[in-house]
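Morning, everyone. Today I want to talk about aromatic rings. Let me put the model up.

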Amino acid sequence: MTPAEASVEIEKLCRLAPVIPVLVIEDARTARPLAEALVRGGLPVLEVTLRTDAAIEAISEMARIDGGVVGAGTLLTPADIKAAKAAGALFGVTPGTTDALVDAARAETLPLLPGAATATEALSLLEKGYSVQKFFPAGPAGGAKYLKALSAPLPQVRFCPTGGVSLTNAADYLSLPNVLCVGGSWVVPTDLVAAGDWDAVTELARQAATLPR
Ligand code: 3PG
């Protein structure tokens with residue numbers, strides 16, 4: 001899969017919902033009910049970060065639920081990409097992007113949403129063929145204002161900003177012409193997961209799913 005083909009796939013996913021929940025799963029037993037709660041609330045595209053020991057098992061569990069599109073985030077090495085694909089991830093996300101990660105995603109046929117934070121990084125990913133990129137860390141890097149400024153010279157690059165995105169500022173990003181969707185962990189507060197309060201998660205997902213764009 002070429003980077004250009006990957007970006008076509010990623011754009012389709014970004015159009016399914018305005019928000020991709022970024023998930024840090026500590027206990028794989030919560031994976032299925034959590035994914036079901038989010039899908040029920042209207043957020044079918046889910047990113048499980050490889051930041052916990054439970055992440056790979058969580059991806060395998062979530063990959064089985066109806067209506068969900070589960071991907072893997074925090075991919076830092078080619079081995080992460082291989083493990084994510086083997087677990088059933090349908091897409092991958094990187095916080096920043098190296099040639100080794102690009103080569104591994106191509107080799108594994110894993111559609112990649114590659115991370116960039118500057119004009120140079122965005123341009124170098126575009127040279128490879130990635131027209132859809134993750135803007136990370138969105139808030140600290142300059143927020144919606146920064147992305148708006150990038151859209152003037154680089155309108156052909158579209159972004160999924162993540163990092164510091166919340167219900168209160170998501171609309172600022174989503175109103176920009178170069179933003180396809182946003183990512184964030186706010187939809188899944190750890191206390192609700194610990195309490196198994198899936199109805200409350202569904203309600204937060206509903207709010208996120210109805211954000212205008
Ligand atoms: C990510 O990995 O994309 C971010 O860590 C998510 O950031 P948030 O927790 O600020 O939403």
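First, the ground rules. This is a predicted model, where local features need pLDDT of at least 70, side-chain atom pairs count only at pLDDT 80 or more, and totals for chains, interfaces and linings use all residues. Residues are numbered from 1 along each chain as its sequence is written, and side-chain values use heavy atoms, with hydrogens and water left out.

Rings of Phe, Tyr and Trp (its six-membered ring) pair if their centres lie within 6.5 Å; planes under 30 degrees apart are stacked, over 60 edge-to-face, the rest tilted. How many aromatic pairs does that rule give? Two.

Take Phe135 and Tyr146. They are stacked, with 5.3 Å centre to centre and 20° between the planes. Phe135 is in strand β7, residues 132–135, and Tyr146 is in helix α8, residues 143–151. Eleven residues separate them. Helices (H or I, at least four residues) and strands (E, at least two) are DSSP runs, numbered from the N terminus.

Buried or exposed? Buried means under 20% relative accessible area, exposed over 50%, partly exposed in between, with a 1.4 Å probe and protein chains only. Phe135 has 0% relative accessibility, so it counts as buried. Tyr146, at 27%, is partly exposed.

Now Phe135 with Phe159. Their centres are 6.1 Å apart and their planes at 65°, so this pair is edge-to-face. It links strand β7 to strand β8, residues 158–161, across 24 residues. Phe159 is buried, at 1%.

Put together, Phe135, Tyr146 and Phe159 form one aromatic cluster.

Last, the charge. Lys134 lies over the face of Phe136, 4.6 Å from the ring centre. The rule: NZ of Lys or CZ of Arg within 6 Å of the ring centre and within 35 degrees of the ring normal.
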